Amino acid sequence: MAERRQIVPCGSTFVPFPRLQPSISDSRERVQVEFYMNENTFKERLKLFFIKNQRSSLRIRLFNFSLKLLSCFLYIIRVLLENPSQGNEWSHIFWVNRSLPLWGLQVSVALISLFETILLGYLSYKGNIWEQILRIPFILEVINAVPFIISIFWPSLRNLFVPVFLNCWLAKHALENMINDLHRAIQRTQSAMFNQVLILISTLLCLIFTCICGIQHLERIGKKLNLFDSLYFCIVTFSTVGFGDVTPETWSSKLFVVAMICVALVVLPIQFEQLAYLWMERQKSGGNYSRHRAQTEKHVVLCVSSLKIDLLMDFLNEFYAHPRLQDYYVVILCPTEMDVQVRRVLQIPMWSQRVIYLQGSALKDQDLLRAKMDDAEACFILSSRCEVDRTSSDHQTILRAWAVKDFAPNCPLYVQILKPENKFHIKFADHVVCEEEFKYAMLALNCICPATSTLITLLVHTSRGQEGQQSPEQWQKMYGRCSGNEVYHIVLEESTFFAEYEGKSFTYASFHAHKKFGVCLIGIRREDNKNILLNPGPRYIMSATDICFYINITKEENSAFKNHDHQKKSNVSRSFYHGPSRLPVHSIIASMGTVAIDLQDTSCRSASGPTLSLPSEGNKEVRRPSIAPVLEVADTSSLQTCDLLSDQSEDETTPDEEMSSNVEYAKGYPPYSPYIGSSPTFCHLLHEKVPFCCLRLDKSCQHNYYEDAKAYGFKNKLIIVAAETAGNGLYNFIVPLRAYYRPKKELNPVILLLDNPLDDLLRCGVTFAANMVVVDKESTMSAEEDYMADAKTIVNVQTLFRLFSSLSIITELTHPANMRFMQFRAKDCYSLALSKLEKKERERGSNLAFMFRLPFAAGRVFSISMLDTLLYQSFVKDYMISITRLLLGLDTTPGSGFLCSMKITEDDLWIRTYARLYQKLCSSTGDVPIGIYRTESQKLTTSECREIASQSQISISVEEWEDTKDAKEQGHHRSNHRNSTSSDQSDHPLLRRKSMQWARRLSRKGPKHSGKTAEKITQQRLNLYRRSERQELAELVKNRMKHLGLSTVGYDEMNDHQSTLSYILINPSPDTRLELNDVVYLIRPDPLAYLPNGEPSRKNSICNTTGQDSREETQL
């Protein structure tokens, strides 16, 4: 068989055509044909080498640039070697003295340059020869090269003057082409600003060099100027100084100077205009983050779709609050142009040196390269919560996260997502905060543990605890001081706080660390385990490598310890828990920057001291009750096992309760999840799924005939959720309310209200509800004015507040600044005082100026944007998101405790102090208290009200306020309302004012009536005057309830609770006095940890059986 031939030209690129299989009938040999991508011609090869190939083209242009510089250098040498000729003949302009070696070098350069120019013109020829000939670089090349080539054949022309200095313009042209080829060769694009600056500098140098050489040559028949004098004249002339000591003398040189000035006036402004335009565009886009700075300094990148001033300041204040982050740079990558407020803030020296704004998209690799994302320490990706379509906003966030992960796989990602169903797309991120998960979980826990949202917000904010210290009110000082507590961590063996408790139980270490140092140990993490355990209980034994998580005003590394021995000696003989008002303490000076805070601490009692026992019923009047000591190692026999899973509510119920309650529960995991990525939670479940028709409370069905909440006869008070839609986030609201550790007898019915007119509110039982939760309306989040996004929610809550004053309303807002409008009272003196305090705290630079607003302090309102700081803190404290999720019940870890609360009753006041309560809880149930929710009466004197009103320039008539207050007390003899001392805004409403005017006109213009009629009218007028707005609203609600056939019993008992204020004390000092109705926040150990191994499996089997029977999707 003949050998198959394949012809492949050397150095060519080809694409082989697929060869067909020869048929049986075809006996001829087939030839393979290659189709070339480039023409296989000599011209194409030359074009590939000189033009198309970046690297070879760069070498050619670099060689050309060197030739032009060499020719200019040879011209300078010729001028320096030439002797000034005598006389003023014009022949000196056209003829020069040129040595033979110099002529030979210039001829060689001319030959090479002209040949290269002709060759490049031939390769770039596209059919129009005049286009190639009339190009300025070609004309200059001909002027500088052709005379030298002619002088080869005509020796008498060797000394002919040739303006070789014009080669500087050809060098400039070669430099521009060389920079472009350099960018193509290294696959990297420099900024347009760099190119424009290079062009401007080269243009200016060429103008100066041309002017120097031209004047020097034309003055050969004049003053015989040398090159230095010409340089001096050009600089003085172009700088518009014009000393006049050196001037051109001949008319030709003067004409040349005029021509050069005209050229400069035309060329340079154009160059400066382009440079200014690029500079303005650079200012808008932000330029690039320096590669050298990225390699030598640390920086983080913040990716947002739109940057608002509030978001920027929250991020900067929280990020730079940590001392070790002071040297970090923040690079902001945003697709929109920087607004005026952000630009003004970034011009402040404190931020201008550390914050760099880049306009660009995270989806473009070029912009990520500008931000040096591959060298960044972290990337924060935030969602835009102000958009109507929150799902679309999440989609944009997901794409940004994917783009960053693809470009910089090793860069840690901190992502904020809005919808929980979109969270599984970004599971690869290092830290994720889902807004709706946290929002609904905090709303739910606010119904169980009051002000949980305020507790979490204060814990995740960085503060020094200096807020409110200038206030005259004691509660604001205590509240502000305790707000400085945060969560910190330290290894046990490296800690002064906890090192001595190695080998002892967790509750023992927590109690004694609080008693001795004032710190609250809340959690632990094993060295070989990533899971954090909140209060693992008294059976947990501390080891040296454990990581301890504690709440304190500052971390241990910033604390200095100082013991006062004289206090210890003076109190050695006194009982540590029977002191009259204050415990003996050692002082610990906790320093943070320039702030020194004196923490109270009690010394440990010796083993030989008196033993405190639990209260005894028999000898209550004989001896004072005592508290058992906290054991180093848990004693199973003496420890009271938490009864949350002992099923007292199930097994020990009375027969009457069993007869009245037809609802049967089982503990287990929900069989279905509304979205991917939800954490399974052990909770109360129904044995059988309720039909969908029975979920409608206002409509009867074949299973029940109830049409309002009252008819259902719920034993516990209701929790009403007013939302716009039943989203998947409601799952995180319901699950904490049905958690397994809550007794059945304390489970509150949950009613979802998708629309809230007055009739629906009354039908769903708002008059006897425990809490009313109002979810922020998503449809109003996009407003022309950003802060108007909360307008609908605020007005709706205010309407509920005016109609049902004693109703506990909990809501969430988009902007923290709008919290001042919650429960708004226009003439409330106390609110005016708090507003003034908030302004002062903001002037002092506080990030928590809003914390003294009564609705926020009481846990009635919060802003989910406050939790943005949780994501920022995770950069320094990578455990904060995990701890917060455990506290809110979003995650459950085996062996980890949960957040709950207990109320201090009159029977508990014998404990007296927070330290004794700490010991009582640790020794009995193993609970760890972390704070107190305290409610006090609101007090404000009339003089204070008058002073505040005058300072605020608000017209308030105190005398009228006092008179109407007396009128109210006389007019409220039938009702049980308790009004605030500052509720004068409801005394003279417009409706009652118009009614009074109508009554006066009627009495003046009407006919004369009898004495009885006149007395009746007078009585009506008096009643109308005394009638308050509260009575009018109450009558309106009662009439509506009667119209709907609802009972008005219970509505009259709704009292106005505005005369009280509530606040949180996080980790108060051990000697803090307990007060009646204090709510103590507890981290209770996991009850499953104390159960036999078989019991949980029994409960799980019930749940699994239930899940197998029901196959339908869960309906919310």
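# A parallel sheet and its surroundings

Author: In this predicted model, strand E3 and strand E6 (residues 378-381) run parallel and are joined by 4 bridges. In E6, Phe380 is the bridge partner of Leu302.

Reader: What makes E3 and E6 a pair of strands?

Author: Two strands count as a pair if at least two bridges are found between them. E3 and E6 have 4 bridges, so they meet that condition.

Reader: How do you know that E3 and strand E4 (residues 329-334) pair, and in which sense do they run?

Author: The cut-off is again at least two bridges, and E3 and E4 share 5 bridges in the parallel sense, so they pair as well. Within E4, Val331 is the bridge partner of Val301.

Reader: In what order do the strands of the open sheet stand?

Author: The open sheet is formed by 6 strands in the order E5-E4-E3-E6-E7-E8, and their pairing is parallel. Strand E5 (355-359) and strand E8 (431-434) are at the edges; each has a single partner strand, so one side of each has no neighbour in the sheet. On average, with direction ignored, neighbouring strands of this sheet are turned by 15 degrees against each other.

Reader: How many bridges are there between strand E7 (residues 413-417) and E8?

Author: E7 and E8 are paired in the parallel sense by 4 bridges, and since at least two are needed, the pairing holds here too. Val415 is placed opposite Val432 in E8.

Reader: Why is strand E3 (residues 299-303) called mostly covered?

Author: A residue is buried when its relative accessible area is under 20%, and 5 of the 5 residues of E3 are buried, which is why the strand is described in this way. The burial extends to both faces, with His299, Val301 and Cys303 buried on one side and Val300 and Leu302 buried on the other. In a regular strand the side chains alternate between the two faces of the sheet.

Reader: What kind of unit do E3, helix H12 (residues 309-319) and E4 make?

Author: E3, H12 and E4 make a β-α-β unit that is right-handed. The word means that, with the strands pointing away from the viewer, the path from the first strand over the helix to the second runs clockwise.

Reader: Which helices lie across strands E6, E7 and E8, and at what angles do they run?

Author: Helix H16 (residues 390-407) lies across E6 and E7 and runs at about 170 degrees to E7, while helix H17 (residues 435-448) lies across E7 and E8 and runs at about 55 degrees to E8.

Reader: Why is Asp367 called buried?

Author: Asp367 has a relative accessibility of 8%, and the cut-off for buried is under 20%, so Asp367 falls on the buried side. Asp367 is located in helix H15 (residues 365-370), and, when residues up to four places away in sequence are not counted, Asp367 touches Leu333, Gly360 and Ser361.

Reader: At what angle do helix H1 (residues 42-52) and helix H4 (residues 100-123) pack?

Author: H1 and H4 pack at an angle of about 115 degrees, and their axes are 10 Å apart. Lys43, Leu46, Lys47, Phe50 and Ile51 of H1 meet Leu119, Leu120, Tyr122 and Leu123 of H4. By class, the residues of this contact are 7 nonpolar, no polar and 2 charged.

Reader: Are Asn1067 and Asn1077 buried or partly exposed?

Author: Asn1067 has a relative accessible area of 6%, which is under 20%, so Asn1067 is buried. Asn1077 is at 39%, between the 20% and 50% cut-offs, and therefore counts as partly exposed.

Terms used. Residues numbered from 1 in each chain as written. Predicted model: local features only at pLDDT ≥ 70, side-chain atom pairs only at ≥ 80, totals over all residues. Heavy atoms only, no water. Axes fitted to C-alpha atoms, helices over the stretch in contact; angles between N-to-C directions. Contact = heavy atoms within 4.5 Å. Nonpolar A, V, L, I, M, F, W, Y, C, P; charged D, E, K, R; others polar. Buried < 20%, exposed > 50% of the residue type's maximum accessible area, 1.4 Å probe, protein only.
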